[in-house]
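Please look through the sequence and the structure shown below before reading on.

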Amino acid sequence: MKLAVVGAGSTYTPELVSGLSRVPVTELALMDVDAERLDVVGGLARRMLERAGYEGGLTLTGDLDAAVEGASFVLVQIRVGGQAARLQDETAPLACGCIGQETTGAGGFAKAMRTVPVVLEIASRVRERAEPGAWIVDFTNPVGIVTRSLLDAGHHAVGLCNVAIGFQRSIARMLGVEPERVVVDQVGLNHLTWIRAVYVDGADYLPLLLDRRADELAEQVELPRSLLEELGAIPSYYLHYFYAHDRVLAAQRDERPRAAVVADIERELLDMYRDPALNEKPVLLEQRGGAFYSEAAVGLVSSLVSGDGAVHEVDVRNDGTLAGLANDDVVEIPARVTAAGIEPLPQAPLAPELLGLVQHVAAYERLTVEAATTRDPVVARKALLAHPLIGQVDLVDGLLERLLLPEAVAGA
């Protein structure tokens with residue numbers, strides 16, 4: 001089985017490679033447009049694979065067609081414009097009085113406008129050259145919007161995020177159980193989710209967690225314990241941009257941008273990766289973000305190959321799973337992966353205080369996909385007006401002028 005990684009110059013790639021022994025990969029293609037980064041990251045990947053006893057083929061290439069030729073799975077993890085564009089996404093909105101974040105709000109919109117056309121071009125090449133029925137697994141942010149664009153264009157794709165698996169591992173530690181026994185019932189949209197149940201061997205432990213570990217959970221998501229208790233749910237970390245907007249905005253104006261921090265970490269990581277004696281992922285990689293990315297990606301691929309019936313948190317069409325959303329909206333939900341495909345677990349309706357926000361952002365995501373594919377400035381304005389972190393006509397023109405950047409591709 002051939003697996004291709006597009007955007008393999010990403011410093012995340014060793015995290016992915018560390019888990020490949022769990023899937024029957026006979027050929028691995030690592031592709032990136034940045035030859036220097038690919039050589040560095042690919043060199044470490046090669047040493048890690050040799051240490052693990054991998055006997056399959058490994059190709060490092062800048063040729064997208066060659067990378068996806070005959071692939072059964074194509075993992076897309078690109079960052080269009082590189083860390084410089086991310087810095088712009090995080091800082092330009094602040095000048096307009098808006099939250100600066102690379103996956104939601106104005107920054108997420110800018111990232112989507114750059115990214116969607118590029119991912120769709122990649123997907124068209126996959127359709128032409130990969131195996132019939134090959135899966136595109138998207139880890140490129142904003143995952144919900146990118147996945148929606150892929151599905152709208154008829155591609156065989158699924159979105160993946162590491163938020164749920166991060167919660168799963170953290171909660172397993174709190175409960176003192178193996179992570180494989182824990183199913184986190186996290187629902188909503190990508191980076192706009194709430195955990196409404198935590199199942200261990202079929203029993204819901206969320207009430208116990210909210211009673212005994214609420215302070216720790218609240219600290220993880222940077223929100224008050226009282227809010228978790230009132231919602232009866234655990235919001236994802238990304239909800240603090242909505243629930244604590246003014247506090248976050250004030251902090252962002254004083255703090256060093258996350259993009260600058262990540263750029264420093266990446267430089268240090270790449271220096272480490274150049275060491276010919278290094279043959280495992282370094283501990284520093286945990287500070288880069290994307291914790292448990294390997295487990296999430298490899299676990300999903302493994303289940304898609306074997307149809308083992310495991311439950312994974314994925315981004316897929318709603319198709320009636322969450323009441324109050326359109327069937328073609330892309331939701332992030334737990335789903336059982338079998339030989340028949342991806343089957344979302346049944347979900348109770350969202351409470352009104354959750355549903356209202358989800359509907360609001362789902363409308364923004366729909367408009368953003370349209371704006372990214374048509375380049376219609378009127379639709380772009382509507383998308384920004386629809387987002388609850390923006391929603392003011394006086395902000396829109398300044399944001400559009402500041403955020404829309406020239407397009408280029410680099411590893412995530």
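## Lys281 and its partner

In this predicted model, Lys281 is partly exposed, with a relative accessible area of 32%. Lys281 forms a salt bridge with Glu15, whose closest N and O atoms lie 2.7 Å apart, and Glu15, at 8% relative accessibility, counts as buried. The pair links distant parts of the chain, since Glu15 belongs to helix H1 (residues 13-17) while Lys281 sits in the loop between helix H13 (258-273) and helix H14 (293-306), 266 residues apart.

## Other salt bridges

Glu280 is partly exposed, with a relative accessible area of 42%, and forms a salt bridge with Arg51 in which the closest N and O atoms are 2.9 Å apart. Because Glu280 lies in the loop between H13 and H14 and Arg51 in helix H2 (residues 35-52), this pair ties together parts that are 229 residues apart in sequence.

A search of the whole structure finds 28 salt bridges, and a network of them links Arg148, Asp152, Arg317, Asp328, Asp329 and Arg366.

## The nonpolar core

The largest nonpolar core holds 146 residues, of which Leu28, Leu192, Trp194, Ile234, Tyr273 and Leu399 touch the most other members. Helix H5 (residues 105-129) gives the most to this core, contributing 12 residues.

When neighbours within four places in sequence are left aside, Ile234 is in contact with several residues, including Phe167, Trp194, Leu206, Leu217 and Val221.

Note on methods
Residues are numbered from 1 along each chain as its sequence is written. This is a predicted model: local features need pLDDT of at least 70, side-chain atom pairs count only at pLDDT 80 or more; totals for chains, interfaces and linings use all residues. Side-chain values use heavy atoms; hydrogens and water are left out. A nonpolar core is a set of buried Ala, Val, Leu, Ile, Met, Phe, Trp, Tyr and Cys residues joined through side-chain atoms within 4.5 Å. Buried means under 20% relative accessible area, exposed over 50%, partly exposed in between (1.4 Å probe, protein chains only). Helices (H or I, at least four residues) and strands (E, at least two) are DSSP runs, numbered from the N terminus. Contact means heavy atoms within 4.5 Å. A salt bridge is a side-chain nitrogen of Lys or Arg within 4 Å of a carboxyl oxygen of Asp or Glu.
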